Amino acid sequence: MSKKDLVQVTGAVDKILGGGRYQIRLDNGHVITAQLSGRMRRFHIRVILGDRVQVGVSPYDPTHGFITYREPPGGRPPAEG
């Protein structure tokens, strides 16, 4: 499955499960299990409890996903233009 096939959703880290897995509470109220994507592991980006993250969820298994982006503390900066 390619990266384009994943559905991008936003949520917050609810619990750290160990083994590189996290429990994410999505904005729509669902709870899923997610792990870090390859690039986040490669560049040692740390995710802690309460962080806002973007998760790529497979349409075939909506209970599991990959954390693809960690939003900076305080939210995203306002768009210029």
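Visitor: Is Asp 27 buried or exposed?
Guide: Exposed means over 50% relative accessible area, and buried means under 20%. This is a predicted model. Asp 27 has a relative accessible area of 53%, so Asp 27 is exposed.

Visitor: Which residue meets Asp 27 in a salt bridge?
Guide: Side chains of opposite charge can pair when their charged atoms come close. Here the N to O distance is 3.1 Å. Asp 27 sits in the loop between E2 and E3, and its partner lies in strand E4, so the pair ties together parts that are 25 residues apart in sequence. The partner is Arg 52.

Visitor: How many salt bridges does a search of the whole structure find?
Guide: One joins Asp 14 and Arg 25, with the closest N and O atoms 3.3 Å apart. Asp 14 lies in strand E1 and Arg 25 in strand E2, so this pair links parts 11 residues apart in sequence. Another is formed by Asp 51 and Arg 70. The search of the whole structure finds 3.

Visitor: Is Asp 51 buried or exposed?
Guide: Asp 51 forms a salt bridge with Arg 70, the closest N and O atoms being 2.9 Å apart. Arg 70 is partly exposed at 27% relative accessibility. Asp 51 has a relative accessible area of 11%, and the cut-off for buried is under 20%, so Asp 51 is buried.

Visitor: How many residues does the largest nonpolar core have?
Guide: Strands E2, E3 and E4 each supply at least two residues of this core. Among those with the most contacts inside it are Ile 24, Val 53 and Ile 67. Ile 24 is also in contact with both Val 53 and Ile 67. The core has 13 residues.

Notes:
Residues numbered from 1 in each chain as written. Predicted model: local features only at pLDDT ≥ 70, side-chain atom pairs only at ≥ 80, totals over all residues. Heavy atoms only, no water. Core = buried A, V, L, I, M, F, W, Y, C linked by side-chain atoms within 4.5 Å. Buried < 20%, exposed > 50% of the residue type's maximum accessible area, 1.4 Å probe, protein only. Helix = DSSP H or I, 4+ residues; strand = E, 2+ residues; numbered from the N terminus. Contact = heavy atoms within 4.5 Å. Salt bridge = Lys/Arg side-chain N within 4 Å of Asp/Glu carboxyl O. Lists of a residue's contacts leave out its neighbours within four places in sequence.
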